[in-house]
Amino acid sequence: MISLDRLVLSAAGYDNGHECNWLLMCSPSDCESNNCVPEVSFSSFQLEANWDFVTLYDGDTVAESQLVRCSGDSCGGGVGTSNMVLAQMTSDGSVTQDGFIGSYSCIAQPDCTMDELVLDWSGGMHASGHAL
């Protein structure tokens, strides 16, 4: 596993039968809020569809929740909820594509996400149990 601090992720010209792991970490001093999380994006993405994958995990192991699992010709990236995201690329035993180029930066952890917003029966909005 490779630990990275704001470096570019790349698997250009990858081989068959590989598993590559990158641990993306943010320290408290990486942003103004002292509560930083990795934000991953891809500028180029081309893997063998449905056979080769990039998976982003919300933490430092594959036992953590998946943020996103990508294959084929696009990947939207993702934002962690802790100071670490594990990026894993796996390829099967045959056929490869051009690979990918991605990067990450450390951003202030968002207060809430759209997934946390709920419209209740009276028309009010809540985020993680708090009325807005």
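Here's a quick briefing on the disulfides in this structure. The model is a predicted one, and the count comes to three disulfides. If you number the bonded cysteines along the protein chain in sequence order, they pair up as 1-6, 2-3 and 4-5.

**Cys26 and Cys106**
- Cys26 is bonded to Cys106, with 2.2 Å between the sulfur atoms.
- This pair ties together distant parts of the chain, 80 residues apart: Cys26 sits in the loop between strand E3 (19–25) and strand E4 (36–46), while Cys106 belongs to strand E9 (residues 99–108).
- The link of Cys26 and Cys106 is left-handed, at -95° about the S-S bond.
- Cys26 has 4% relative accessibility, so it counts as buried, and Cys106 is buried too, at 12%.

**Cys31 and Cys36**
- The sulfur atoms of Cys31 and Cys36 lie 2.0 Å apart and form a disulfide.
- Here the S-S bond shows -115°, which makes the link of Cys31 and Cys36 left-handed.
- Cys31 is buried, with a relative accessible area of 15%, and Cys36 is buried with 5%.

**Cys70 and Cys75**
- Cys70 is joined to Cys75 by a disulfide, S to S 2.1 Å.
- The torsion about the S-S bond of Cys70 and Cys75 is about 55°, so this disulfide is right-handed.
- Cys70 counts as buried at 5% relative accessibility, and Cys75 is buried with a relative accessible area of 11%.

**Cys20**
- Cys20 counts as partly exposed because its relative accessibility is 24%, and buried would need a value under 20%.

Notes: Residues are numbered from 1 along each chain as its sequence is written. This is a predicted model: local features need pLDDT of at least 70, side-chain atom pairs count only at pLDDT 80 or more; totals for chains, interfaces and linings use all residues. Side-chain values use heavy atoms; hydrogens and water are left out. A disulfide is a pair of cysteine sulfur atoms within 2.5 Å. Helices (H or I, at least four residues) and strands (E, at least two) are DSSP runs, numbered from the N terminus. Buried means under 20% relative accessible area, exposed over 50%, partly exposed in between (1.4 Å probe, protein chains only).
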